[in-house]
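The following exercises are to be worked with the sequence and the model at hand. Each task is followed by a solution in steps.

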Amino acid sequence: MRRLRELAGRPDVTTDLLQIVKSVIAATAAWWLSAHVLNSPLPFLAPWTALLTVHATVHRSLSRGVQTTVASAIGVGMSFLIGYYLGVSVWTFALAMFVGLAGARITWIRDEGVAIATTAVFVLSSGFSDQQPLLLDRILEVAVGVGIGVLVNLLIIPPVRDQQASSHVDSIDRRLGDILIDMADEFSTSWETDNADAWRREIESVSEEVETAWGTVNFARESRRSNPRLIRRRLGGARQVGESVDYAEVLSRVDEAVSHMRHLIRTLHEATYTEGPWDERFRSEWASIARDAGRAIADPDAEMDSIHDRLIGLTHSMAEDGRLPRDSWPVYGSLLTSMLHIALLIDDVASERPVR
């Protein structure tokens with residue numbers, strides 16, 4: 001039950017479930033209207049086009065709905081022309097498929113162009129001689145299906161994907177923070193190559209999640225277009241927390257942080273083969289800074305001294321000390337530089353509460 005509650009609380013699961021429910025409502029309403037109001041003998045075109053029209057965003061439902069209407073109307077018209085003048089046979093069916101699939105390449109209906117061919121399949125395969133006088137009825141059913149699909153997506157909780165984008169950013173930040181904390185704990189005592197390899201595998205997994213998050217962020221941006229929920233909020237003067245967040249910019253910054261983390265892990269991995277002991281002062285202070293940086297990234301409510309200032313202070317103190325061997329500065333400097341770049345993320349919008 002706890003697992004089910006966790007799943008139910010996830011934005012992506014909630015959105016997917018809502019899309020399924022809306023698709024069911026749209027297809028069922030379109031079928032009922034076609035069968036009981038229009039009295040269609042073959043009420044399949046309306047629910048089929050309704051299913052095609054309920055997309056993940058309102059904007060996509062509107063734009064794809066127009067394409068579906070045009071493509072399906074072309075498919076119906078082409079099928080009636082071929083059936084009326086050439087009859088229905090193996091060769092004319094193949095001709096309809098060829099013309100339909102070729103027409104699907106038309107640029108302005110490319111996304112839903114295959115509906116030309118699939119509509120031809122329905123019309124030519126379901127008793128064409130009986131449907132011959134019903135050309136306008138078939139086109140009307142297509143329009144009804146598209147209209148109901150768009151209407152359902154407009155009226156029943158139009159999808160806004162900001163919550164999913166926020167969830168991805170939160171998950172990525174927490175994972176980055178956990179890696180930094182683990183690295184600091186290991187570095188403060190000792191570490192082995194196996195640990196560095198484990199961090200490298202984890203950061204690659206985080207990088208894959210970033211790629212997935214980009215798709216969600218693009219959906220979030222598209223979900224704002226033509227969305228009546230946001231229009232009503234703006235007209236009413238209401239503004240939801242995080243509504244003004246540019247998640248594309250946020251994710252670009254997170255992607256940059258992942259790159260610096262990858263470099264930091266590579267530096268530590270190579271340092272496992274370096275001979276000679278670490279400077280204990282550097283080791284202790286750098287580990288403390290990295291640990292606090294990890295906590296700050298993982299928890300946007302965490303309060304601590306500026307990571308950036310502490311890194312600059314450590315750099316100055318190590319330079320003024322003069323005890324560090326010259327051969328050690330490339331490795332030490334690389335660790336400081338990588339952490340300096342990562343620290344910028346802590347003060348960036350990606351780690352602020354409105355985003356998370």
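**Exercise 1.** What span should the 15 residues of helix α14 (residues 307–321) have at 1.5 Å a residue, and how far apart are its end C-alpha atoms?

*Solution.* The model is a predicted one, in which local features need pLDDT of at least 70 and side-chain atom pairs count only at pLDDT 80 or more, whereas totals for chains, interfaces and linings use all residues. Residues are numbered from 1 along each chain as its sequence is written, and side-chain values use heavy atoms, with hydrogens and water left out.

Step 1. Helices are DSSP runs (H or I, at least four residues), numbered from the N terminus. The expected span is 1.5 Å times one less than the number of residues, so α14 should span 21 Å.
Step 2. The end C-alpha atoms of α14 are 21 Å apart, which agrees with the expectation.

**Exercise 2.** Which residues of α14 are buried, and which exposed residues does the face turned away from them carry?

*Solution.*
Step 1. Ile307, Leu311, Leu314, Ser317 and Met318 are buried (under 20% relative accessible area; exposed is over 50%, partly exposed in between, with a 1.4 Å probe and protein chains only).
Step 2. Viewed down the axis of α14, the buried residues fall within an arc of 130 degrees, so they line one face of the helix. The arc is taken from the directions from the helix axis to the C-beta atoms.
Step 3. On the face turned away from the buried side of α14 are the exposed residues Asp309, Ala319 and Glu320.

**Exercise 3.** At roughly what angle do the axes of helix α13 (residues 280–298) and α14 cross?

*Solution.*
Step 1. The two axes come within 10 Å and cross at roughly 170 degrees. Axes are lines fitted to C-alpha atoms, for helices over the stretch in contact, and angles run from 0 to 180 degrees between N-to-C directions.
Step 2. α13 and α14 are therefore roughly antiparallel to each other (an angle over 145 degrees).
Step 3. Residues in contact (heavy atoms within 4.5 Å) include Phe282, Trp286 and Ile289 of α13, and Ile307, Leu311 and Leu314 of α14.

**Exercise 4.** Is threonine 119 buried or exposed, and which residues are in contact with it?

*Solution.*
Step 1. Threonine 119 lies in helix α6 (residues 115–125).
Step 2. The relative accessible area of threonine 119 is 0%, so this residue is buried.
Step 3. Leaving aside neighbours within four places in sequence, threonine 119 is in contact with Leu45, Trp48, Ser72, Gly75, Val76 and Ser79.

Methods: Helices (H or I, at least four residues) and strands (E, at least two) are DSSP runs, numbered from the N terminus. Angles under 35 degrees count as roughly parallel, over 145 as roughly antiparallel, 65 to 115 as roughly perpendicular and the rest as oblique.
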